[in-house]
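User: I'm new to this one. Could you walk me through it?
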Amino acid sequence: MFEVQNPAIVYISPAELVVHPKLIEIYGENEERPALEKSISEKGILESLKVSARTGVNVVLAGKCRLQIARQLGISTVKVEFVESGSPEEDLKLVLDFNLHREGGKTHYQKFHEGQYWESVLRPQAKERQRENARRLNESKCSNLNYSINESKSQLKKGKPVIREVSENLNISVGSYHKGKKVFELISQLREMEKFKAVIALEMEFNRSIDAAYKFVCNQDICYQVIDLLEADEIGSIGDGIAWIRSGDRNPFRRFQLDQVYQFKKRLRPELEIVGRVIGITNEFVVFGLRNLGNMSLEIVNLRPRQIDAELQDEPSASQRKRIFQLMQKFSDVFPVQVSLAELLKLPNLTDKEEVLLRMYESDVFEKTWEDYKTQMKAMEVSTNRKKDKICAA
C-alpha cells in the first residue's frame with residue numbers, strides 16, 4: 001500500500017515533468033481555467049504539484065492544469081511534492097484520490113470516467129465483504145452462543161452499496177448515476193468504433209444534461225439515426241439531429257428567414273409581446289426582436305429551432321418598413337438617425353409614438369431644419385478657411 005513518506009517540497013523546471021496519461025484521458029489535454037490562470041499570474045503556484053518518481057521519470061499525478069498554465073506563462077520552476085508509490089496501480093489510485101475534489105468543476109463525462117475507476121476498486125472490496133458476511137452467518141447458525149440473530153443481521157448490512165458510494169464520491173444522485181452509466185457506456189462504444197463526431201456530440205449533450213442524454217440513448221430508433229447523421233457530417237449536434245428526424249427537415253433553420261414575424265403560442269416571458277421578428281440566424285440560434293411591454297424597448301431573444309413554438313404571420317408593418325428604408329437612404333450621412341431607424345426595423349410592429357417619429361423625419365420641418373443646419377455648417381467652414389488664408393498671408 002502506498003503512503004506519503006517525508007514529502008520533500010522542491011522547485012523544478014516544468015520541462016522535467018510529464019503528465020500521467022489518465023489525467024489527460026479524463027480531463028483532456030488542454031483545459032480553460034481563466035480564474036486559475038489569473039491567480040497563478042498574480043500570486044504564483046500556491047499548491048504544490050503531486051509527483052511520482054517511481055519509474056525515474058517525474059510523473060504529475062495532480063496539478064495538470066497548474067503545469068499547463070506555468071508553461072504558458074513561461075514560469076521557470078514549479079512547486080512540487082514527491083509522493084511514494086510502489087506500482088502503476090498505486091499511481092492510478094493516487095491520481096483519482098488527489099483529483100476527487102478537484103477545484104474548477106468537472107463535466108459529467110469526467111465524473112463518470114472517475115466512476116468507472118471507483119467501481120473497479122470498490123466492487124472487489126464489496127464481494128470480499130459479502131464473503132465475510134456469509135462466513136459469519138454460517139458460523140452464527142452453527143453456534144448461537146457466539147452471535148445473536150440481530151448481530152448476524154447487522155453483519156450482513158455492514159458496508160455501503162458500491163453504486164451509492166461511487167455516486168457520493170462523484171456528488172450526484174444514485175438515479176442520475178444509473179442513467180449516466182448507460183450514456184457513458186455508449187460513448188465508450190462509439191469511441192472504440194472510431195465514430196468520433198458522434199462521440200463529441202454525445203459528450204456535449206451528456207455534459208449539458210444527464211437526463212436529456214439518457215432519454216436520447218434509450219430511444220434507439222432516433223439515437224442510431226442521429227449517430228449516422230453526425231458521422232456523415234450532416235448535422236452538428238444531438239438536438240439538431242432529433243429535430244431533423246422528428247420534422248423530416250434536414251435543416252431545422254430552413255423555415256426561418258430574416259425579417260419574418262412569428263406569433264408564439266405563449267409569451268416567452270410575461271413582459272414580452274407575443275409576436276417577434278427574426279432579426280438574425282446563427283449556426284445555433286434564431287434571433288428574435290420582441291418588444292418589452294414594460295418599457296416599450298427592443299429586447300433580443302436567442303432561441304434554438306426546437307424551442308420555437310410559433311406560427312408565421314403576414315407582415316404587419318410593410319408600408320412602414322418601406323418608409324423606413326427610404327428614410328435610411330435619405331439620411332445615410334446622419335448616423336444617429338440611421339441607428340434609430342435600424343432599431344425600428346427590428347421590432348415586429350410600431351407604436352403610435354414611433355409612427356409620429358417617422359412622420360417627423362419625413363416632414364418638411366425636419367428636412368428644412370436639416371438643410372438650415374447644413375447651410376450653417378458650410379458657412380462656418382468657409383469662414384474658417386478665410387481665417388486660415390489670412391493667417392497664411394500674414
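Analyst: First, a term: helices (H or I, at least four residues) and strands (E, at least two) are DSSP runs, numbered from the N terminus. Also, this is a predicted model.

User: OK. What order do the strands have in the open sheet of five?
Analyst: The order is S1-S5-S3-S4-S2, and the pairing is mixed.

User: Which strands stand at the edges?
Analyst: Strand S1 (9-12) and strand S2 (17-19) do. Each has a single partner strand, so one side of each is left without a neighbour in the sheet.

User: And how many bridges join S1 to S5?
Analyst: Four bridges join S1 to strand S5, residues 78-82, and the two run antiparallel. Within S5, glutamate 81 stands opposite isoleucine 9.

User: Which strands does helix H4 touch?
Analyst: Helix H4, residues 88-98, packs on the sheet and touches strand S3 (49-52) and strand S4 (58-62). The direction of H4 makes about 40° with that of S4.

User: Changing topic: where is aspartate 259 found?
Analyst: Aspartate 259 is in the loop between helix H12 (238-247) and strand S6 (261-264). Its phi is near 80°, a positive value in a residue other than glycine.

User: What is its relative accessible area?
Analyst: For aspartate 259 the figure is 36%, so the residue is partly exposed.

User: Then methionine 296, where is that found?
Analyst: Methionine 296 is in the loop between strand S8 (286-292) and strand S9 (298-303). Phi of methionine 296 is near 65°, again a positive value in a residue other than glycine. Methionine 296 counts as partly exposed, at 39% relative accessibility.

Key:
Residues are numbered from 1 along each chain as its sequence is written. This is a predicted model: local features need pLDDT of at least 70, side-chain atom pairs count only at pLDDT 80 or more; totals for chains, interfaces and linings use all residues. Side-chain values use heavy atoms; hydrogens and water are left out. Two strands pair if DSSP finds at least two bridges between them. Contact means heavy atoms within 4.5 Å. Axes are lines fitted to C-alpha atoms, for helices over the stretch in contact, and angles run from 0 to 180 degrees between N-to-C directions. Buried means under 20% relative accessible area, exposed over 50%, partly exposed in between (1.4 Å probe, protein chains only).
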